[in-house]
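Biologist: Please take a close look at one helix for me. I want to know what it packs against and where it sits in the fold.

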Amino acid sequence: MHCQTIVLGAGIVGVSTALHLQARGRQVLLVDRDEPGSGTSHGNAGLIERSSVIPYAFPRQWSALLRYGLNRQPDVRYSLTHLPKVAPWLLSYWRQSAPGQLAKAAADMLPLVQRSVEEHDALIEAAGLQGLVQAKGWIEVYRDAALFEQAKGDLKGLARYGLQYEILEREQLQAREQQLDGGVIGGIHWLDPKTVSNPGGLTRGYAALFVQRGGQFLHGDARSLRQVENGWQLDTRRGSVTADDVVACLGPQSADLYQRLGYRFPLGIKRGYHMHYATRDGAELGHSICDTQGGYVLAPMARGVRLTTGIEFAASDAAANEIQLRRCEALARQLFPALGERLDDKPWLGRRPCLPDMRPVIGPAPLHKHLWFNFGHAHHGLTLGPVSGRLLAELMTGERPFTDPAPYSAARFD
C-alpha cells in the first residue's frame, strides 16, 4: 500500500493534522498502535483553553522554590529517584521562565491560542459533536483573600489580549456554583474557553470524520518507521505501507521515534492523574472549577466529576503513585463537599509532552526530507491540536501559513 502521507499518532494533534491535510487534497493514512484518542488526549481536564495566553512557567520566587522543594504540595510533586535525571531539564525550564523569556514565549504562542476555539468549532460542527462541547468557560476559585486580590490585580496585565471574564465575589460565586464550600473567597470566571465532557470521545469523533471523508486508520508501531529509496516505510497489522511524507504526532512517545533518527530534542514529561467521582444527593457541578492553590481541576464529565491533578515529575514508565491524587482529593472534598465515591477502579495516568521553552515543535525535520514533526504541546494538546494541525498542513502543502512558523521550528534546538 502506498499513500502520499502517513500521520503517526491518533491523539488530538495527529487526528487534527490528518484532517487538515485531507482537506487540502492529500491522501492520508492515520496510524497508531492503539485506538484514536486513547492516550493523553483521553485524560485531560477537557478545556479548550483560549484564556491561557501566558504559558505555564517554572516558579521564580525563592519562597515557592523552597515550598516545592519540601515535596509536600498538592500541585507539584517529584520522585526523589527521578530528580537527578530531570534536573538539567528543570534548570533549562527555569531559565526560560525568566520574565523576558516568558513574555517572548507568550507572544510566540498567542497566534495559536487565539485561533484555538474557532479551529475546534469548525471540526465540531463538521463531525456533529456539539453535544460534547459547552460554551460556559471555567472558573478559578480562591480560598485566600490576598491571593484573590493579587489575581484581580494581574488582570490588568492581560487587558491587551481582549479576554472575556467576570470577577466573582463570594456571594456571586455561591450563586453560580451553589455546591461549593462557603469558605471560598471568590473567583474569576473565564468566558472565552469551551469545555468538553468527553475529550477522548471528541478525538474519536474527529477520527470518525477523517474516515468518513475517505481517510484510512490502521494499527501500527511508529518505531518500525524506516527511510527507503522512494520515501518512508512502516509496518502495520495489515502489512507494510509506504508514503512520500511522514508526520510524527506522537506526543509523549515522540522520543521513541526521533532518537532513533538522530534527533536530541529536550522533551520532558509532566505526568498527571485523573479520577471520576459520583456526587451525593443529586448535586451538580455546573462549571469546570480550578482550585488555584491546590493545582487541580474538577470538571463535569459524561462519566461523573473528573478530578485532574497538576504535575508529577517521575520516570515516564514508572508505576502510578496515588500520593498527589490523594492530596488533591482531600482538598476537593473540602471545596466541593458533594463529591462522592470514586467511580474508577484505579487512577488514570497521563503524560504531557513538554519542551523547556514552552513552545511545541511544528514543522519539517532538519535532517530528513519529507519528515515532519508536530509534538510538545505541554498542557494544551487538546486546545492546540486543530490549530497546530492547520499550521503544519499549510507548511506541507505550500500554502501561506496563517502565522510565522519560525518559533516552533525543530531547528531551534541545533
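Predicted model: local features only at pLDDT ≥ 70, side-chain atom pairs only at ≥ 80, totals over all residues.

Modeller: Start with the domains. The assignment gives domain 1 as 2-43 + 200-266 + 356-413, and domain 2 as 53-110 + 132-197 + 267-354. Their C-alpha centres are 28 Å apart. Domain 1 puts 28 residues into the contact, and domain 2 puts in 30 residues.

Now the core. The largest nonpolar core has 56 residues. Those touching the most other members are V7, L112, L202, Y206 and V247. Which helix gives the most to this core? Helix α11, residues 381-396, does, with seven residues. Domain 1 and domain 2 both contribute residues, so the core lies between them. Another core, of 29 residues, lies apart from it; A222, L234, Y263 and A410 are among its members.

Setting aside neighbours within four places in sequence, V247 contacts T5, I6, V7, L8, T17, L21, W372, L392 and M396. Two of those names, L392 and M396, fall within the 381-396 span of α11.

Next, the helix partners. Take α4, residues 99-114. The axes of α4 and α11 are 8 Å apart, and the packing angle is about 105°. An angle of 65 to 115 degrees counts as roughly perpendicular, and therefore α4 and α11 are roughly perpendicular to each other. From α4 come M109, L112 and V113; from α11 come L384, V387 and L391. That contact has six nonpolar residues, no polar and no charged. In soluble globular proteins, nonpolar side chains tend to be buried together.

Then α5, residues 116-127. The axes of α5 and α11 come within 8 Å and cross at roughly 80°. These two helices are therefore roughly perpendicular to each other as well. On the α5 side, the contact uses S116, E119, H120 and L123. On the α11 side, L382, T383, P386, V387 and R390 take part. The make-up here is four nonpolar, three polar and two charged residues.

Last, look past the helix. A411 is in the segment after α11. A411 and G381 are 30 residues apart along the chain, and their C-alpha atoms are separated by 21 Å.

Note on methods:
Residues numbered from 1 in each chain as written. Heavy atoms only, no water. Core = buried A, V, L, I, M, F, W, Y, C linked by side-chain atoms within 4.5 Å. Buried < 20%, exposed > 50% of the residue type's maximum accessible area, 1.4 Å probe, protein only. Helix = DSSP H or I, 4+ residues; strand = E, 2+ residues; numbered from the N terminus. Domains from an automatic or database assignment. Contact = heavy atoms within 4.5 Å. Axes fitted to C-alpha atoms, helices over the stretch in contact; angles between N-to-C directions. Parallel < 35°, antiparallel > 145°, perpendicular 65-115°, else oblique. Nonpolar A, V, L, I, M, F, W, Y, C, P; charged D, E, K, R; others polar.
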